[in-house]
Amino acid sequence: MMEFVLFLGLCFVLGGLGVASNPSPYYGVMGLVVAAVAGCGWLVSLGVSFVSLVLVMVYLGGMLVVFVYSVSLAADPYPESWVDWGVVGYGFGMGLVVMVGLVVGGVLGMVMGEGVLGSEELLSVRLDFSGVAVFYSYGVGLLLIGGWGLLLTLFVVLELVRGLSRGAIRAV
Amino acid sequence: MNPQAKLVFIASLLLGSTITISSNHWIMAWTGLEINTLAILPLISKSHHPRAIEAATKYFLTQAAASALVLFSSMTNAWHTGQWDITQLTHPMSCLILTSAIAMKLGLVPFHFWFPEVLQGSPLTTGLILSTAMKLPPLTLLFMTSHSLNPTLLVILAILSTALGGWMGLNQTQTRKILAFSSISHLGWMAIIITYNPKLTLLNFYLYALMTATVFMTLNSMKVLKLSTLMTAWTKAPSLSAILLLTLLSLAGLPPMTGFLPKWLIIQELTKQDMAPTATIISLLSLLGLFFYLRLAYCATITLPPHTTNHIKQWHINKPTNPLIAILASLSITLLPIAPMILTII
């Protein structure tokens, strides 16, 4: 178990290295994903699995997704949409293949409810849950200041890239 | 810049500084430092000139790395001692990492390389904020942990800062870079005394902020960015150039001006701590700085009438001088006689 945690730490450092040495942002993001997943794994090894899940959701599922959407929109400003007939036919074909696979694999029977899972017991007081609760009650000052910091980051980035070709991100 | 955006950034600078100064938990101190770093970036890059963007980039990278080191030092201390109190930084490695983190934030040698270029890339008013207001939160953290820091390391950083601040300022013709090296030199004086008498560090900082605010505002009102402009700036406001002479000599630490007070008290305290050779070394290294202050004073004032010139004072005034310059200049020249009262204030 110890070796796995150390391996996660190594992955974290290598992911960071990948971000810093990226040839372009598209490949640098891969390093961010590796580093984030390794960090989440490390948090789970420390026992605070709730915080780990929050990190995955907000970082990978929120910020990274927004980044990927903006990058793909910048690369392809006029994408094909659902109403194009080629896409509809493609979607139907893929759905048929998925259904056949589910039936053959017997998964559909499991989903329909044959077995009963044993109830998992949760510890009555967990550090990470109660930590988040404190964040909204006694620690509301830090919540407000942290929220202001994040909003300020948005304003700063908007101000820095404002102006298209006359702004900061111009090709000089 | 958009006035509402400017309001948001200036308010965030005040908020961040206040959070760090008034905090007793390391996370709040770190949060304040990060808010400061973010909020000042658009102010540095306001003109969107490539040099300004480069200055903003360099500022962000160094300050972010230094904030990360602050966080590492506080976390190491929390791991070993179980508490996050700023005044209880007892683990020796945490103190070492914190000292280098604050040295990076302030611009002490050997982490000073960003400071002249950032100051050169930013407008004069933003340079003023960078040199005075942005130095207060890191100095406060150093003040609060001063009883557990390593004196030898700080004395070495201080002497190197005074030496390099003086030496590298000698070959400069751009006034903002000269002021950057002057700032590095003064930070050396502030750092040398912090483990022995932290109040003298704060006194030095307040008086330095007063004097450098005067110089920055004077240069901003005359729009002087290099020495050749300074030579003919007297035609716009001759009395301001004359006062600039006295203010620059005060900044250099010459008696009977205010700037002599912190140096005097620091030398006295070092002597009391049986460090007379250190006091001698740092005073001699300040002589290097005196040379470029004298050069600035020569360019501003010593070429004034009554000896022959080929300019006369301009008959028109574009905008009157800010009265605040008069107040700050008076204070930065004449505060030495009330030195005992100043000591009771800090």
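Colleague: Which residues do ring pairs link into a cluster in chain B?
Modeller: Y59(B), W114(B) and F115(B). Rings of Phe, Tyr and Trp (its six-membered ring) pair if their centres lie within 6.5 Å; planes under 30 degrees apart are stacked, over 60 edge-to-face, and the rest tilted.

Colleague: What sort of model is this, and how is it numbered?
Modeller: This is a predicted model: local features need pLDDT of at least 70, side-chain atom pairs count only at pLDDT 80 or more, and totals for chains, interfaces and linings use all residues. Residues are numbered from 1 along each chain as its sequence is written, chains are lettered from A and ligands numbered from 1 in the order in which they are written, and side-chain values use heavy atoms, with hydrogens and water left out.

Colleague: Back to the rings. How many aromatic pairs over all chains?
Modeller: Seven. One of them joins Y59(B) and W114(B), edge-to-face, with 5.7 Å between centres and 65° between planes.

Colleague: Which helices does that pair tie together?
Modeller: Y59(B) sits in helix α3 and W114(B) in helix α5 (residues 114–121), both of chain B, so the pair ties together parts 55 residues apart in sequence. Helices here are DSSP runs (H or I, at least four residues), numbered from the N terminus.

Colleague: Is Y59(B) buried or exposed?
Modeller: Buried, at 3% relative accessibility. W114(B) is buried too, at 6%. Buried means under 20% relative accessible area, exposed over 50%, partly exposed in between (1.4 Å probe, protein chains only).

Colleague: What lies over the face of F115(B)?
Modeller: K135(B), at 4.0 Å from the ring centre. The cut-offs for a charge over a ring: NZ of Lys or CZ of Arg within 6 Å of the centre and within 35 degrees of the ring normal.

Colleague: What is S74(B) in contact with?
Modeller: W26(B) and W84(B), leaving aside neighbours within four places in sequence. Contact means heavy atoms within 4.5 Å.

Note on methods:
Helix = DSSP H or I, 4+ residues; strand = E, 2+ residues; numbered from the N terminus.
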